[in-house]
Amino acid sequence: MGALIAVEGLDGAGKRTLIDAVVAGLRDRGLRVDTLAFPRYGRSIHADLAAEALRGRHGDVAASVSAMALLFALDRAEARDELSKLLADNDIVLLDRYVASNAAYSAARAGEQVDGETSSWVAELEFGRFELPVPDIQVLLDVPTELAIERARRRGELDTARALDAYERDISLQERTAAVYRVLAESRWHGPWWVHAPQDDPVRLTERLAEMIGR
């Protein structure tokens, strides 16, 4: 059974870039590595409904913290068998977002901290009721909020399919979410966390992951 690593952070933090670099480094070491990104836009009806809601469709769904959190959670629940197979076939599986994203954004939207009802409900729903595996390590890509927002904006200008949604346009929400993420990491929410800063070399994260599984 492979190690499950969840890479977390704001929209525009650079998660995909970091994951791609780490995957290349781990494969160069002879490790079997695969990835999965959440939400699974284009593959999951629940993810697509969430994306559409964040762009003004489906009435007042986007206004409900619980409704949006449930859609994102159902996307992951739907992928449980796929995730189990990836873990069975690989040494390491890297996730671009996972349960902590739902906890961070939902708690920030509700104006709560990590010890509030919302993050506890998300964890019970996803790790408990949906029986999703708890990550071995959660990596917080902790970048300045302004930098993440600017990256997301530029990405949206270059690719109309990735135009900013309601969450990404809400600067205050992004700032609150970043603060919740940091507390999640500091409190070791559902397991150990590592913090990766923008100036940190992806090679170091690659080395730590290889060492963790004894390679």
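Strand 2 and strand 3 (residues 92-96) run parallel and are joined by five bridges; strands are DSSP E runs of at least two residues, numbered from the N terminus, and two of them pair if DSSP finds at least two bridges between them. This is a predicted model, where local features need pLDDT of at least 70, side-chain atom pairs count only at pLDDT 80 or more, and totals for chains, interfaces and linings use all residues. Residues are numbered from 1 along each chain as its sequence is written, and side-chain values use heavy atoms, leaving out hydrogens and water.

**Exercise 1.** Work out the strand order of the sheet and find its edge strands.

*Solution.* 
- Step 1: the open sheet has five strands in the order 2-3-1-4-5, with parallel pairing.
- Step 2: strand 2 (33-37) and strand 5 (193-196) each pair on one side only, which makes them the edge strands.

**Exercise 2.** Find the cavity and describe its lining.

*Solution.* 
- Step 1: on a 1 Å grid over the protein atoms alone, a cavity is a set of points where a 1.4 Å probe fits but cannot get out, and lining residues have an atom within 4 Å of a point.
- Step 2: searching the whole structure gives one cavity of 30 Å³ or more. The largest cavity has a volume of about 50 Å³, meaning the space filled by probe spheres set on the points, which are joined across faces, edges and corners.
- Step 3: its lining includes G9, L10, D142 and Y181.
- Step 4: helix 9 (171-186) gives the largest share of that lining, three residues; helices are DSSP H or I runs of at least four residues.

Terms used: 1 Å grid on protein atoms, 1.4 Å probe; cavity = no way out; pocket = protein on both sides within 12 Å on 5 of 7 lines; lining within 4 Å.
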